[in-house]
Amino acid sequence: MTELKNDRLLRALLRQPVDVTPVWIMRQAGRYLPEYRAVRERAGDFKTLCTTPELACEVTLQPLRRFALDAAILFSDILTIPDAMGLGLYFTEGEGPQFKKPVRTAADVAALPVPDPESELKYVMDAVRLIRRELHGQVPLIGFAGSPWTLATYMVEGGGSKDFALVKSMMFDQPQLMHQLLDVLARAVAAYLNAQVAAGAQALMLFDTWGGVLTPRDYREFSLRYMERIIQGLTREHEGRRVPVILFTKNGGQWLETMADSGADTLGIDWTTDLGDARARVGQRVALQGNMDPSLLYASPERIRREVDTILASYGQGSGLVFNLGHGIHQHVNPDKVVVVVDAVHDLSRQYHQG
């Protein structure tokens with residue numbers, strides 16, 4: 001494989017020294033970019049865009065042509081695994097993802113296979129291989145998957161949800177059935193992520209989008225427990241380097257100490273948690289990733305730069321920070337504002353990495 005020219009991200013995720021704080025942006029390949037919208041239109045629909053390796057590669061690389069980002073992240077969707085399990089994923093404009101065959105009964109759970117990543121999900125692995133080749137070692141490639149709990153919410157609800165009534169009903173009334181579902185998902189996610197590493201992913205991220213809707217007790221039992229199991233089963237060395245793992249639970253700031261014991265190298269945090277407080281709470285156990293409010297990208301360049309300065313100062317001296325938004329970039333953001341963020345992070349962070 002080509003030698004990596006910029007390894008800031010991998011070093012920061014492992015709390016190793018860097019010259020400046022690395023930065024990438026969740027959903028950096030997406031609808032806010034006109035060139036993405038053009039490829040999406042050419043694809044005809046979102047699912048075709050995800051399942052065509054050449055198109056997924058193209059939109060993965062697009063933000064790197066515009067911005068001095070320190071990482072690429074695979075363009076895909078967290079619901080590829082449930083789709084490969086035969087649930088019939090489809091997307092309706094304005095309504096988000098939905099499944100033709102939601103998982104509601106013991107028979108439904110028993111019928112779920114663990115997909116073979118190099119057959120049912122080969123299009124993802126082909127995209128990873130193609131992206132790695134086309135990156136030419138410019139920056140590392142992040143692979144990812146949804147957490148078992150987050151995948152389960154979509155599978156049981158049949159799509160997105162505001163109150164999570166069906167999935168929480170299963171969790172409360174049929175906890176053993178929920179554990180069976182989460183177990184098969186944990187095995188599927190671990191296999192999927194390991195296949196991404198084998199195909200060329202150099203860091204991994206677990207997106208626990210809906211862990212924050214649980215009580216502390218239920219979070220530990222039904223979300224964190226399965227993410228810990230996945231992390232324990234991951235390939236952590238490849239191509240002569242450690243493969244760092246980022247764990248991100250949206251609205252999970254109250255559980256950072258527990259999450260820091262998960263085995264992950266880095267915790268993603270959203271904007272509802274102060275970065276300096278988070279660093280004090282986790283100490284030297286893990287690196288941190290975050291955590292600018294995505295809506296700040298609607299503000300003036302001067303205000304954005306001040307916010308970057310504040311976040312960097314809150315974290316303070318030393319490595320162990322990857323600058324990011326606290327969640328995905330909004331679709332109506334002007335791409336020029338991303339330039340402001342990236343340049344500000346690189347300019348203003350240098351002082352925290354001297355000596």
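Modeller: In this predicted model, a search of the whole structure gives seven aromatic pairs. One of them joins phenylalanine 46 and phenylalanine 91: the ring centres are 4.9 Å apart and the planes stand at 70°, so this pair counts as edge-to-face. Phenylalanine 46 belongs to helix H3 (residues 46–51) and phenylalanine 91 to strand S2 (residues 89–92), so the pair ties together parts that lie 45 residues apart in sequence. Phenylalanine 46 is buried, at 18% relative accessibility, where the cut-off for buried is under 20%. Phenylalanine 91, at 28%, is partly exposed.

Another edge-to-face pair is made by phenylalanine 144 and phenylalanine 207, with ring centres 5.6 Å apart and planes at 85°. This pair also links distant parts of the chain: phenylalanine 144 is in strand S4 (residues 141–146) and phenylalanine 207 in strand S5 (residues 203–208), 63 residues apart. Phenylalanine 144 is buried at 8% relative accessibility, and phenylalanine 207 is buried at 14%.

Phe46 and Phe91 also belong to one aromatic cluster, together with Tyr36 and Phe75. A ring with a charge over its face is that of tyrosine 315: arginine 279 lies there, at 4.0 Å from the ring centre.

Turning to the backbone, the peptide bond from glycine 290 to asparagine 291 is cis, with omega near -10°. Asparagine 291 sits in strand S10 (residues 287–292) and is buried, at 6% relative accessibility. A polar atom of the asparagine 291 side chain lies 2.6 Å from the backbone oxygen of threonine 273. Apart from neighbours within four places in sequence, the residues in contact with asparagine 291 include Ile269, Asp270, Trp271, Thr273 and Leu275. Ile311, Asn324, Leu325 and Gly326 are also among the contacts of asparagine 291.

Phenylalanine 164 has phi near 55° and is placed in the loop between helix H8 (148–157) and helix H9 (165–173). At 5% relative accessibility, phenylalanine 164 is buried. For asparagine 251, phi is near 60°, and the residue is in the loop between strand S8 (245–249) and helix H12 (256–259). Asparagine 251 is partly exposed, at 38% relative accessibility.

Note on methods. Residues numbered from 1 in each chain as written. Predicted model: local features only at pLDDT ≥ 70, side-chain atom pairs only at ≥ 80, totals over all residues. Heavy atoms only, no water. Helix = DSSP H or I, 4+ residues; strand = E, 2+ residues; numbered from the N terminus. Buried < 20%, exposed > 50% of the residue type's maximum accessible area, 1.4 Å probe, protein only. Polar contact = N/O pair within 3.5 Å; in protein donor to acceptor, adjacent residues only side chain to side chain. Contact = heavy atoms within 4.5 Å. Phe/Tyr/Trp six-rings, centres within 6.5 Å; stacked < 30°, edge-to-face > 60°. Lys NZ or Arg CZ within 6 Å of the ring centre and 35° of its normal.
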